Amino acid sequence: MKIDQVGEVGVVMTAANEPVLTGKDQVIGFRALHYEIYTGGLVAKRPLVERRHGWAWQTRQRILLLDDAWLDLPGGKKGKRYHEIPFEEATHVVPKKRRVLLHAEDKEHGKVIVEFRPFGAASRLLAWLKKEKEHREMREDGTLESPYTPEDRQRQA
């Protein structure tokens, strides 16, 4: 997980404010959202990143958050602050009233919560991730059922 990193144009994002993707990455969706990253629970939030506005890009491998503000980097280059959460480190997607919480965990930062607002846009963006996490958990537990009905399976045999 990368939190509050500085990336330059051509390495992390293009000049058109789109992420630079690897060969196996594919964009599922993107939205302009407000987000905040913190540790702790409801009572004692310790902010890692104050509330910011930017673009949330969801791909098949990660969620990439690009802040709105452009930075002038050394050498005359431009860049932005970004945050990246790989799906392996995302543990839960929790829809709440007027927000969506993404729980993640890694060795460097520990348990982290990313809070997205507005609710509607964030919930639609992260709905795929929630279904994918549930599907992976059922597969690991051995409770995943075939999407085909028993009649369809017998007909194919």
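Q: In which sense do strand 3 and strand 4 pair, and over how many bridges?

A: In general, strands of a sheet pair through backbone hydrogen bonds, either parallel or antiparallel. In this structure, strand 3 and strand 4 pair in the antiparallel sense, over five bridges, with G54 standing opposite D67 in strand 4, and a hairpin of two residues joins strand 3 to strand 4. Strands (E, at least two residues) and helices (H or I, at least four) are DSSP runs numbered from the N terminus, and two strands pair if DSSP finds at least two bridges between them. This is a predicted model, in which local features need pLDDT of at least 70 and side-chain atom pairs count only at pLDDT 80 or more, while totals for chains, interfaces and linings use all residues. Residues are numbered from 1 along each chain as its sequence is written, and side-chain values use heavy atoms, with hydrogens and water left out.

Q: What is the order of the strands in the sheet, and why is one side of strand 1 and of strand 6 left without a neighbour?

A: The open sheet has eight strands in the order 1-5-4-3-2-8-7-6, with antiparallel pairing. Strand 1 (2-8) and strand 6 (90-96) stand at the edges, and because each has a single partner strand, one side of each is left without a neighbour in the sheet. From one strand to the next the twist averages 30°, where axes are lines fitted to C-alpha atoms (for helices, over the stretch in contact) and angles run from 0 to 180 degrees between N-to-C directions.

Q: How many bridges join strand 4 to strand 5, and how many join strand 7 to strand 8?

A: Strand 4 and strand 5 (residues 77-86) run antiparallel and are joined by nine bridges, one of the facing pairs being L71 with G79 in strand 5. These two strands form a hairpin with three residues between them, and G75 in the turn has a positive phi of about 85°. Strand 7 (residues 99-106) and strand 8 (residues 110-117) are also antiparallel, over seven bridges, and there V100 has F116 of strand 8 as its bridge partner.

Q: Which strands does helix 1 touch?

A: Helix 1 (residues 119-141) packs on the sheet, where it touches strand 2 (27-39), strand 3 (46-59), strand 4 (62-73), strand 6, strand 7 and strand 8; contact means heavy atoms within 4.5 Å. The direction of the helix makes about 135° with that of strand 6.

Q: Is A15 buried or exposed, and is E89 buried or exposed?

A: Relative accessible area decides this: buried is under 20%, exposed is over 50%, and partly exposed lies in between (1.4 Å probe, protein chains only). A15, in the loop between strand 1 and strand 2, is exposed at 65%, and, not counting residues up to four places away in sequence, it touches V9 and W70. A15 and G79 are 64 residues apart in sequence and 8.8 Å apart in space, C-alpha to C-alpha. E89, in the loop between strand 5 and strand 6, counts as buried at 19%. Leaving aside neighbours within four places, E89 is in contact with M1, H103, A104, E105 and D106, whereas the C-alpha atoms of E89 and Q154, 65 residues apart along the chain, are separated by 39 Å.

Q: How many salt bridges does the structure hold, and which parts does the pair of R51 and E36 tie together?

A: A salt bridge is a side-chain nitrogen of Lys or Arg within 4 Å of a carboxyl oxygen of Asp or Glu, and the structure holds 14 of them. R51 forms one with E36, the closest N and O atoms being 3.6 Å apart. R51 lies in strand 3 and E36 in strand 2, so the pair ties together parts that are 15 residues apart in sequence. R51 counts as partly exposed at 45%, while E36 is buried at 15%.

Q: Which side chains meet R52 in salt bridges?

A: E50 meets R52 at 3.1 Å, N to O, and D67 meets R52 at 2.6 Å, N to O. Elsewhere, salt bridges that share partners join E36, K45, R51, R99, E115 and R117 into one network. As for E50, its relative accessibility of 48% counts as partly exposed.
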